[in-house]
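Please keep the sequence and the model in view while reading.

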Amino acid sequence: MCRVVDLRQAVLAKNDASADALRARLAARGTAVVNLLSSPGSGKTALLEQELLRARERSVPVAALSADLATENDAVRLARSGVPVKQVLTDGLCHLEAGMLAGHLDGWLPDDTRLLFVENVGNLVCPASYDLGETLRVTLASVTEGEDKPLKYPTAFGLAHLVVLTKTDIAEAVEFDEIAFRANVERVNPGVEVILTSARRGRGIGALLDRATAAAAGEPVHTPVMARPPQHHGHTHPHHGHTHPHDGHSHAHPEADGTMAHTHP
């Protein structure tokens, strides 16, 4: 077990170094990354398509990269917005890594891109541990997934700078309890903002773009409790994950979600 944990820490450390380098490189050219995490079927693509359309209306130079295990369906949908879009197929890998992202940007990302939206693989476990060099990390959930989603996936929600609730137009039909959802988000990530959206009805469209452009302009983002450096009081405790001094991210291991540690090739 120790060898598995050591290997995982080495993989994360290598990813963090790549993320730092990518963040610095993109910042030098004026580009900020928005990392979008959610379960499959959350409505992430539908919302992102609307946000990209709003960005075009506002003349904000944006691009989008979508990651999936297979098919280019999401990229085809996002391309309808008219902004530069690229599909990345991970060939079975359950998440993107900073080095992978950097490789796909070379020779593709337009020089004037202000915001790069990254639609991560539909998964709330593995992607939560990998910094992509993002400026803003957003975790999404739909009303169809239940109010306890933040408690089931505390790392994904606990490290978010922003939480987005989707498909609110059907909240009443599925008997979704917004108060309970907000309380559960607050338990794992006190003080984080929750935005309510409906891509179908237009509710909250543009709010994600607003938060992203503000972050890109240097406005401070929310600092999750899980991302704060541990406080030492004369005794030691085992700490899972590690903190990045550049952005306050702490990338906890998926074991925090109750899953077994594992390695990827």
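T90 is buried, with a relative accessible area of 8%; buried means under 20% relative accessible area, exposed over 50%, and partly exposed in between, with a 1.4 Å probe and protein chains only. The model is predicted, so local features need pLDDT of at least 70 and side-chain atom pairs count only at pLDDT 80 or more, while totals for chains, interfaces and linings use all residues. Residues are numbered from 1 along each chain as its sequence is written, and side-chain values use heavy atoms, with hydrogens and water left out.

- T90 is located in the loop between strand 3 and helix 4; helices (H or I, at least four residues) and strands (E, at least two) are DSSP runs, numbered from the N terminus.
- A polar atom of the T90 side chain lies 2.7 Å from the backbone oxygen of L93. A polar contact is a pair of N or O atoms within 3.5 Å; within protein, one must be able to donate a hydrogen and the other to accept it, and residues adjacent in sequence count only if both atoms are side-chain atoms.
- Leaving aside residues up to four places away in sequence, T90 touches A67, D68, L69, H95, L96, M100 and V121, where contact means heavy atoms within 4.5 Å.

**Overall composition**

- The protein contains eight helices and seven strands.
- Of its 265 residues, 51% are buried.
- Among contacts with a separation of 6 or more, 76% join residues 24 or more positions apart.

- An open sheet is formed by seven strands in the order 3-2-4-1-5-6-7, with parallel pairing; two strands pair if DSSP finds at least two bridges between them.
- Strand 3 (85-89) and strand 7 (193-196) are the edge strands, each pairing on one side only.
- From one strand to the next, the twist averages 20°. Axes are lines fitted to C-alpha atoms, for helices over the stretch in contact, and angles run from 0 to 180 degrees between N-to-C directions.
- Strand 2 and strand 3 run parallel and are joined by five bridges, and D68 has L89 in strand 3 as its bridge partner.
- Helix 4 (residues 98-105) packs on the sheet and touches strand 2, strand 3 and strand 4; its direction makes about 125° with that of strand 2.
- Helix 2 (residues 44-57) lies across strand 1, strand 2, strand 4, strand 5 (136-142) and strand 6 (162-166), and runs at about 170° to strand 4.

**Strand 4**

- Five of the five residues of strand 4 (residues 115-119) are buried, so the strand is largely enclosed by the rest of the structure.
- L115, F117 and E119 point one way from strand 4, whereas L116 and V118 point the other way. In a regular strand, side chains alternate between the two faces of the sheet.
- Strand 1 (residues 32-37) runs parallel to strand 4 and is joined to it by five bridges, with A32 opposite L115.
- Strand 2 (residues 62-68) also pairs with strand 4 in the parallel sense over five bridges, and S66 stands opposite E119.

**Nonpolar cores**

- In the largest nonpolar core, which has 26 residues, V34, L36, L52, V62, L115, F117 and V138 touch the most other members. A nonpolar core is a set of buried Ala, Val, Leu, Ile, Met, Phe, Trp, Tyr and Cys residues joined through side-chain atoms within 4.5 Å.
- Strand 1, helix 2, strand 2, strand 4, strand 5, strand 6 and helix 8 (207-216) each give two or more residues to this core.
- Helix 8 gives the most, with five residues.
- A second, separate core has 18 residues, including A128, A141, F181 and L196.

**Two further buried residues**

- L22, in helix 1 (residues 2-28), is buried at 2% relative accessibility.
- The C-alpha atoms of L22 and A98 are separated by 7.3 Å, although these residues are 76 residues apart along the chain.
- E134 lies in the loop between strand 4 and strand 5 and is buried, with a relative accessible area of 1%.
- The E134 side chain reaches the backbone nitrogen of L132 at 2.6 Å.
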